[in-house]
Amino acid sequence: MLNFENLNILDKHISFLQKICHKDNIFLVWWSVRNILLNIDLNPDDIDFTTNWIPSQIYEKIDKIDLSHFITEKFGTITLLPKSGEFKKIKYELTPLRTESWYQDFRHPDEINRTSDLLLDSQRRDFTINCIYYTCTDIKLPENKKQEKIRDIEHFSKILSNYWCVYIVYQNLLILQNSEIISSLFHQSKLDKGKLTELINKNMSYFWNGDSIKKPLGIVIDPHNGINDILARQIKAVWNPDNRFGEDALRIVRAVRFLNILNQKLEKTSKSEKNYFNIDNDTWDSMLRNANLVENVAKERIKDEILKIFKNKNPFSFVVLLDKLDILKYIFPNVYQTKNVDQPIRYHPFDVYVHTILTLHAVQGLNKDYLVKLWILYHDVGKPEQYDYIASGLDREEIKKINWTDIHHPNIWEAKTKKDFQELGFSKKETDTVCFYVKNHMLIWEILKWSPENLDKKIKKLLSQYGYKMTKNLLDVVKADRLGHYNPVQPPALSDLKFFGKRLKEIYKLQWAFGLRDLAVNWNDIINEMNIKPWPQIKELLNKALEWVLEDVSSRNNKIDIIDFLKQG
């Protein structure tokens, strides 16, 4: 069954919002209601709610003491951020009841009209599981002796399908699904308490056995049978899916995100297949038909979806479904270009794209950093171009030289990655970090080719240049890259990586995170002692000094010895 018993957690939020907004008819909607029903988030920190009235009038009435607040002029969405108290860490977002016309730009409705009708507001929403409203009232329902115990999920689903309401006695919770009844009870979105009592006396057919608890009456308004779809674990568009995706094509990407995130959270509660969501067949078919519309969606909106996925556990399934929908080319175009690009069979039994997603699957079990996971997605995007050069008739020596030129795949990768990430609206810092990683993604592999006695020296240098976290990230990607070969005939060799990781931890614990800033000399010392002016040469000398000092920091890190070493050439 669903977690109806904890819906009353939302009552305190309704009371708080009624107090600061000076309105009684407040309805919580979207994921705060959905997630409590699924028992995956009992302490929501991002709560959407709705009510009637014109946004500017609501905004004027809000008690703004100890409250950060702002309103968007075009859509009238009001954001409230309490500065202290029990609700300090919670973001409340109010979108007043409204209807919307067609979306010519596949993003913004051409026209927004205010309404006081909950049913009209519900018709503009994306998926049925996100279209469940919740409110509460102090009304006392009359006793009724006609009670029946709900046996199981199938029985409960049948009751919801056959009757206009279910009253769960011991939760003091009323579930409404019939549109005519909802419209009658909530005229202009305000509950008619007298009519509610009258309708219950006249029409209530099913109750759930239990002792009534003294608390406000909770009312769930479910005009599109979202509860039934939650029970069936179906993500289903509201009414006509072609209309929903035609209005805003980002909903196609969001459907994939909802599927991914909900199943990740539900995995913690049960491993049963029955516990996982699927996308409704008609909704999925419509997503396939309308996938090309994603090309019209602003890239920064897609970026928000990407971040929500890659900051969670399983971006692998997200990318696979984007590919299945044939929208990978709009979102990660250079990753899409790796499809059907064959690799040497000895190392890679699959093409570059399949190797990439297998590597992504491996890394998400090793590293939580979203930039590392994005880096893995792009770590081989330079290979198609590199293989084109190799296939152009170069001889053996010319092919070897590729590894030292701009057409080596990590170098090609950097330019391609920067282009895609800049277009998606990632920050310069995020883009530069991912580009650094992919350009150096073979660095540890190259270090491991050196003789073992040089390994500690190389690890110390890595720590001094990049620090422990970035060095560990580089190591995790090499592990994932090898696991992503997925060659059953030639299992990945990991023993050298395990030894590298062990020495990395040991050296770091011994405080070998020593860098340029720790050298006993600086730029001015080199200029004064060696009479050098060109800055590129100074930088080279400082790096040379660092490498020398790292071999024995305790005895070599002093100004006299460093300058003598540099003067000797």
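Which hand does the crossing of H10 and H13 have, left or right?

**Entry 1: ground rules.** I am working from a predicted model, in which local features need pLDDT of at least 70 and side-chain atom pairs count only at pLDDT 80 or more, while totals for chains, interfaces and linings use all residues. Residues are numbered from 1 along each chain as its sequence is written, and side-chain values use heavy atoms, with hydrogens and water left out.

**Entry 2: H10 and H13.** I looked up helix H10 (residues 250-267) and helix H13 (residues 315-324), whose axes come within 10 Å and cross at roughly 145 degrees; the crossing is right-handed. Helices here are DSSP runs of H or I with at least four residues, strands are runs of E with at least two, and both are numbered from the N terminus. Axes are lines fitted to C-alpha atoms, for helices over the stretch in contact, and angles run from 0 to 180 degrees between N-to-C directions. A crossing is called left-handed if the near helix is turned anticlockwise from the far one by less than a right angle, and right-handed if clockwise. From H10 I listed Val253, Val256, Arg257, Leu259 and Asn260, which meet Ser317, Phe318 and Leu321 of H13, contact meaning heavy atoms within 4.5 Å. Sorted by class, this contact has five nonpolar, two polar and one charged residues, where Ala, Val, Leu, Ile, Met, Phe, Trp, Tyr, Cys and Pro count as nonpolar, Asp, Glu, Lys and Arg as charged, and the others, Gly among them, as polar.

**Entry 3: H23 and H24.** I then turned to helix H23 (residues 455-483) and helix H24 (residues 495-509), where the axes come within 10 Å and cross at roughly 140 degrees, and I recorded a left-handed crossing for this pair. The contact of H23 with H24 has 13 nonpolar, two polar and eight charged residues.

**Entry 4: the whole chain.** I noted 28 helices and 16 strands, and found that 52% of the 569 residues count as buried, meaning under 20% relative accessible area, with exposed over 50% and partly exposed in between (1.4 Å probe, protein chains only). Of the contacts between residues at least 6 apart in sequence, 70% join residues at least 24 apart.

**Entry 5: Ile129.** I located Ile129 in the loop between helix H4 (118-122) and strand S8 (133-137), and it counts as buried because its relative accessibility is 1%. Setting aside neighbours within four places in sequence, I found Ile129 in contact with residues including Arg34, Asp229, Leu262 and Phe277. Ile129 and Asn225 are 96 residues apart in sequence, yet 8.1 Å apart in space from C-alpha to C-alpha.

**Entry 6: two tryptophans.** Most residues other than glycine have a negative phi. Trp53 lies in the loop between strand S2 (46-50) and helix H3 (55-61) and, at 37% relative accessibility, counts as partly exposed. Trp239 also has a positive phi, of about 55 degrees, and sits in the loop between strand S15 (234-235) and helix H9 (241-247), where it is exposed at 57%.

**Entry 7: H28.** In helix H28 (residues 559-567) I found Ile562, Ile563, Phe565 and Leu566 buried. They are on the same side of H28, because they cover an arc of only 160 degrees around the axis, taken from the directions from the helix axis to the C-beta atoms. On the other side, Ile560 and Lys567 are exposed.
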